[in-house]
Amino acid sequence: MKVDARRTIFAGFAILFILLSSTVTAADETEFQVESIDLQIYRDGLVRVTQTLSVNETVPAVTLPLLHSSVDNFIVLDENQTVLDYEVDENDLNLTVFTLGATGVSVQYDTDSLTVKDFDVWTFLVDTPYNLTVQLPEESTIVYLSELPTAIETEANKITLSLFPSQWEISYVFPLTPPAEFRISDLEVTPTEVEAGEEVTVSVKIINVGGQTGSYTLQLIVNQTIEDSETVTLEEGASTATEFKIVKQTPGKYNIEIGGLTGEFTVSASSSNGSHSGMIPIEYLVAVAVASAAIILVIYFIFRRRGCNVEKIFKVNPQLNTEEKDVIQFLAENDGKAFESQIRERFPDIPRTSLWRLVKRLEKLDIIHVKKIGLENQVELKK
């Protein structure tokens, strides 16, 4: 009887141990569940990963694998958009998030190591244990698929692929957008004959025949001297008319040049003065005109040296999007630099995190550099 009782007690403990072990195993298996993983591939090869999880609120932390060891710009939030602490183990390609009772977690990070470029062909490479949704850059054309995706969808010139867990290799190409290109036409000089002190209007038409928004500086050259200038910013296909006003006191013939177009006007002595008494000597007027032209020329070259060639930046970096170009243009108009707070104030429609990522992309493209001044970051265009 005693032996049977001991066997019964032992069997009971064994069953209890098995049940507890099963409970612990089940708890481990339900620490989190992946709801979705979305990848946005940009034209420069950068991949933005957004992962959404459902989390067991009873666990203090969850660990999930990363798609690559080379990652940056982490943003980890709970279901209330509260920032959560995390640790990255680059050796094991794992991310540990300290959930602290959260029921949902959103993880975002960037990586440029999932894409490679060979001439004009980009290739996306990933080994994923999860289902993925991948959006290719706008106007992309797929030229190779290692396997057939679960689904391929096209909307607004963008291809979205639904991928199942596997090793994927996807090659694609997209057309390069031509840079801004400007054409000057329709030079008009009115009137072509005036008296000293009267106004002459010089106008031209400028059109952007390129494929991107850009800026162009029109220079009004009178008798081989820069008289005035104006910078015009136009979207692709847009045009505008620009006018300059000229007043000359010295009689003579004046040759005009704007954007390779030439014209002329003639200034005669004023007929309102019956005599030369009280008139300013011609030599003095000529000296003043020469000095003024020299000052204008010096000021122009000083500002040209200091200023940033925005048009060259856009031409060298055709992959820049509209928001990136707007920020670069804003910096150029502010002597090439501004604090991040000033940029956020100028572009209130760009979310804070998106603006931060935009600045990081421009820094990576070696267009800007960021330096700490006091408690703020100053963003400055590179010369």
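Is threonine 99 buried or exposed? Threonine 99 is buried, at a relative accessible area of 1%; here buried means under 20%, exposed over 50% and partly exposed in between, with a 1.4 Å probe and protein chains only. This is a predicted model in which local features need pLDDT of at least 70 and side-chain atom pairs count only at pLDDT 80 or more, while totals for chains, interfaces and linings use all residues. Residues are numbered from 1 along each chain as its sequence is written, and side-chain values use heavy atoms, with hydrogens and water left out.

**View 1. The whole protein, before zooming in.** The protein has 6 helices and 25 strands; these are DSSP runs (helices H or I, at least four residues; strands E, at least two), numbered from the N terminus. Of the 383 residues, 33% are buried. Take the contacts (heavy atoms within 4.5 Å) with a separation of 6 or more: 62% of them are between residues 24 or more positions apart. The accessible surface comes to about 22700 Å², and carbon and sulfur atoms hold 52% of that. Areas come from the Shrake-Rupley method with a 1.4 Å probe, and for residues only the protein chains shown count as cover.

**View 2. Threonine 99 and its surroundings.** Threonine 99 sits in the loop between strand E6 (94-97) and strand E7 (104-111). Setting aside neighbours within four places in sequence, threonine 99 touches Val55, Val59, Pro60, Ala61, Val62, Leu84 and Val105.

**View 3. Helix H4 against helix H6.** The axes of H4 (residues 322-333) and H6 (residues 352-364) come within 11 Å and cross at roughly 75 degrees, so the two helices are roughly perpendicular. Axes here are lines fitted to C-alpha atoms, for helices over the stretch in contact, with angles from 0 to 180 degrees between N-to-C directions. Under 35 degrees counts as roughly parallel, over 145 as roughly antiparallel, 65 to 115 as roughly perpendicular and the rest as oblique. On the H4 side, Glu323, Glu324, Val327 and Ile328 meet Leu355, Leu358, Arg361 and Leu362 of H6. The residues of this contact split into 5 nonpolar, no polar and 3 charged. For that tally, Ala, Val, Leu, Ile, Met, Phe, Trp, Tyr, Cys and Pro are nonpolar, Asp, Glu, Lys and Arg are charged, and the others, Gly among them, are polar.

**View 4. H6 on its own.** The 13 residues of H6 should span 18 Å at 1.5 Å a residue, and the end C-alpha atoms are 19 Å apart, which agrees; the expected span is 1.5 Å times one less than the number of residues. Buried in H6 are Leu355, Arg357, Leu358, Val359, Arg361 and Leu362. Just past H6, aspartate 366 takes a positive phi of about 65 degrees.

**View 5. Glutamate 380 in strand E25.** Glutamate 380 belongs to E25 (residues 376-381) and is buried, with a relative accessible area of 19%. Beyond neighbours within four places in sequence, glutamate 380 contacts Gly336, Lys337, Ile367, Ile368, His369 and Lys371.

View 6. Most residues other than glycine have a negative phi, and most peptide bonds are trans. Threonine 190 and proline 191 are joined by a cis peptide bond, with omega about -15 degrees; proline 191 is in the loop between E15 (182-190) and E16 (193-195). Glutamine 81, not a glycine, has a positive phi of about 65 degrees, and at 56% relative accessibility glutamine 81 counts as exposed. Asparagine 223, in the loop between E18 (214-222) and E19 (225-234), has a positive phi of about 50 degrees and is partly exposed at 35%.
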